[in-house]
Amino acid sequence: MAAKQRLVLIGNGMAGARFLEELTSLGGGEQYDIVAFGDEPYGNYNRILLSGVVSGTHDPKDIFINPLSWYREKGVTLHAGVRAGWIDRDSKKVYAPNNIGETYDKLVLATGSQPFVPPLEGLTREDGRFKEGVFVFRTLDDCSAILAYAQQAKRVAVIGGGLLGLEAARGLLKQGLEVHIVHLTAHLMDAQLDPSSAKLLQRAMESMNIHVHLEKSSTALLGNECVSGIGFKDGSRLDCDMVVLSAGIRPNVDLARASGLTVQRGIVVHNDLSCRNDPNVFAIGECAQHNNVVYGLVAPLWEQARVLAERLSGKNPQAVYRGSRVSTKLKVMGVDLAVMGDKDPRHEEDEVVTYVEPSRGIYKKLVVRDGKLAGAILLGDGQMTPRLLQAFDRSELLPESRSELLFSLGEQSQKLSVADMPDDTQVCNCNGVSKAKLLAAIKGGARSLKAVCDATRAGTGCGSCKPQVQAILEWAADGLVAEDPSVHYYVPGVPLTKVELVRAIKGQDLRSVSAVFAVLAEGREDAASKLGLASLLKTIWGKDYEDERDARFINDRVHANIQNDGTFSVIPRIYGGVTSPDQLRRIADVAEKYQARMVKITGGQRIDLLGLPKESLPAVWQDLGMPSGHAYTKAFRTCKTCVGTDFCRYGLGDSTGLGIQIEQRFQGIESPHKMKLAASGCPRNCAEATTKDVGAVAIEGGRWEVYVGGAAGSKVRKGDVLCVVDTHDEVMQYMGRFMQYYREQGKYLERTYDFVERVGVDHLRQVLVEDSEGMCERLDAEIQAAINAYVDPWKEADHPKHPAQFVRELAVVED
Amino acid sequence: MLTASETGVRIYNLGPLEQVPLGEGRAFLVGSTPVAVFRPRNGKVYATQALCTHKGGPLADGLLGGETLVCPLHAYRFNLATGQPVGHECSALRTYAVVVGPDGCIRLALP
């Protein structure tokens, strides 16, 4: 093995420490001897929570992320409390006081920022220190000093009504002081808010007895040794016995500038985060300037840390940082506030949607550009924040009815009271995970939805509790929620989105699951990814897919549904739920002969033989002489029907006839998740077609409504009408077109009800009915090809894929 | 290596490796002990107790990914080499020493 390189990090704040975590978790400790300089004498802590320390809700020891021992465990040499003094880039060496000199191969600067101190007359005493009672608000030490002084102070003025200033004000209010905010411009938080929302926020704060002074330019601090007031440019003054300066931050760039690195507002970096004039020196966090932007929020810092760790660890040497779409979510003085992107329209065509409810302090404003969310301000009501953040982060096309984005439809409101929920409340009903267990995992360091779910198994059953787990995570992690990049991957074990993955599979002609792991995942096989990959490859390659049986779930290896005792259930296909005495007799004979432990009518109008051992499956199928009902796999399942015009006195359409045709046509068509269908012969809807993945309902006039995206399982949703048509053939044409589009566009394990909500029914109508993208002909041809390729899997009874395919247990005696 | 059995260890010949399809597992009743034998695509062979420590799932019907085994019933994970649970708190699986001999047959040691 080559000798280890040396990596030196300067700055142990939120960006630097995050980078170390990422780098060591990617195995960077094996490639580098890592040395870090941090000028505070601690491990690293969560600066976002400092206002909690001031307000007394957080103990200082609770906000540490990694203690000093963490650095030892990870093999990182930390110079804690040591400020790096000088970088000699020629000899690649960092110097610090006490004769410390560390050579580097790679140098990472994460020097952060410092409070901007405005030039005020009377700011300092003769010895150059601040007047007594004057503080900045940036570090844990600042916090301690503010807290100590607040015990004796009565009236504090915070200079600067930005985000940090308001946070400081909140903390000081809780300490029992009379709090004044002094702000230079005409409205608070002017970097994030527009005047209307700022006004509402101001009113909310004033109702809490905070005094707001706008358009006040501070020029002097009054008093001799101790501060006694602030003098303003307009000649007025404000008496106070404590002042907190919170007038913005400035990147710490002196060290970089003195070392000859290119510095503008921040240290200028390329997309690979290396400095403009030195490829071995990198900068991340608040000191870095990327594409003319210096970021001050935590999410971009983490993205940068992640990208750099991936590059330097070799996990992904091509990783690049392309800038962040900035959004932030916070509680200002107990008021929910979320801001993202542009706060005002930028072009004439931009659409602005606003909703204002002054009496409750609610303000919602969306800036929509090209049908996508370009920005938003949400004050006083956080219900829709997660939905909008997602739409913003992913540049989703918005629903045409904008009101859907401003108001929840009731269903989600239950998840919002996570704070009030008792700790023993069971959140995941599949795996019995309580709120307390989730909180323990979050406190133990799990910061993304995936990490929390992995640690507790919450959300790993039916998945319907995930929004609630996310809500608890966001509430408990207090702004520290990480977005796990893997949520965008199609499968967890291959770091590509569905679009990227499909491109790579086609471009490199990968036809089997093992080939995908070999080429796209550095040979690392991941069990959790196999089924999703198999489903995708089969949709891409059709009959040219190289089927590896070990990439199938057991159900799909033996074409039956595994039960809790390791036996299997067998459901033969009964087209449209219409059977015959002969079929029933055969089913009864089989049930007796193979001693099925239960015979049950299913919800899909079929008959289930339960408790059959694996080795009897081929004989069961042969004796049944019926095709597989596919009740065990991610595919078209069944088409439930009502009696329809054949017998029913209300029947308007031949629902049994249609159901049989549908089942004969689509049997065995595989899809991202199962598809349950139904056909109802009149709007009384006895077959429940409106709550199926795809359904048809006969209406007066000899026509059929085609529904998509219905559900009546862990989630209940009425489907949307895709179109209304005249004939059975047309019903099946649109159903098939929808199925193929879902097969191509759906994420693995995404049910149609989530898929339809994600892409929007309007979009589906445009694409599938109006043919806006000119793809209908192709979709029809693709689904026809899939139908033509259908083979009844139960034929493997006669031709097993492997001699041991249906073996349950092999007996061995001593050698 | 599996050699002398004076210590009470018994060695069983489970027959040709090909009985276990590549990338899958199969259950064996070895004497009176149910055992699951796995043949992942990394070229190695592993053996564990046959039933999951969570709710008795038939592990030989599970999914494999490298050294990870996923139980078919509730997707609980285990490390094949050590038997240790992955991401949950069920007890570890018993593991058995297993090799493929020059004759292509699987040999397993039972204590």
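In this predicted model, 35 residues of chain A are in contact with 37 residues of chain B, where contact means heavy atoms within 4.5 Å. The size of an interface is often given as the accessible area lost when the parts come together. Here chain A and chain B bury about 2900 Å² between them, with 50% of it on carbon and sulfur atoms; buried area is the accessible area, found with a 1.4 Å probe, that two parts lose on being put together, summed over both. Arg457(A), Leu810(A) and Val812(A) supply 22% of the area that chain A buries against chain B, more than any other three residues.

Residues are numbered from 1 along each chain as its sequence is written, while chains are lettered from A and ligands numbered from 1 in the order in which they are written. Local features need pLDDT of at least 70 and side-chain atom pairs count only at pLDDT 80 or more, whereas totals for chains, interfaces and linings use all residues, and side-chain values use heavy atoms, with hydrogens and water left out.

Between chain A and chain B there are 4 salt bridges, a salt bridge being a side-chain nitrogen of Lys or Arg within 4 Å of a carboxyl oxygen of Asp or Glu. Arg41(B) forms a salt bridge with Glu548(A), and the closest N and O atoms of this pair are 3.7 Å apart. On the side of chain A that touches chain B, the elements that give two or more residues are helix H17 (527-541), helix H18 (554-558) and strand E42 (810-812), where helices (H or I, at least four residues) and strands (E, at least two) are DSSP runs, numbered from the N terminus. H17(A) gives the most to this side, with 4 residues.

Strand E42(A) also takes part in pairing across the two chains, for 3 bridges join E42(A) to strand E2 (residues 25-30) of chain B, and the two run parallel; strands pair if DSSP finds at least two bridges between them. Within E2(B), Val30(B) is the bridge partner of Val812(A).

Over all chains, the count comes to 57 salt bridges. One of them joins the side chains of Arg138(A) and Glu286(A), at 2.7 Å from N to O. This pair links distant parts of the chain, 148 residues apart, with Arg138(A) in the loop between strand E11 (134-136) and helix H5 (140-150) and Glu286(A) in the loop between strand E22 (278-283) and strand E23 (288-290) of chain A.
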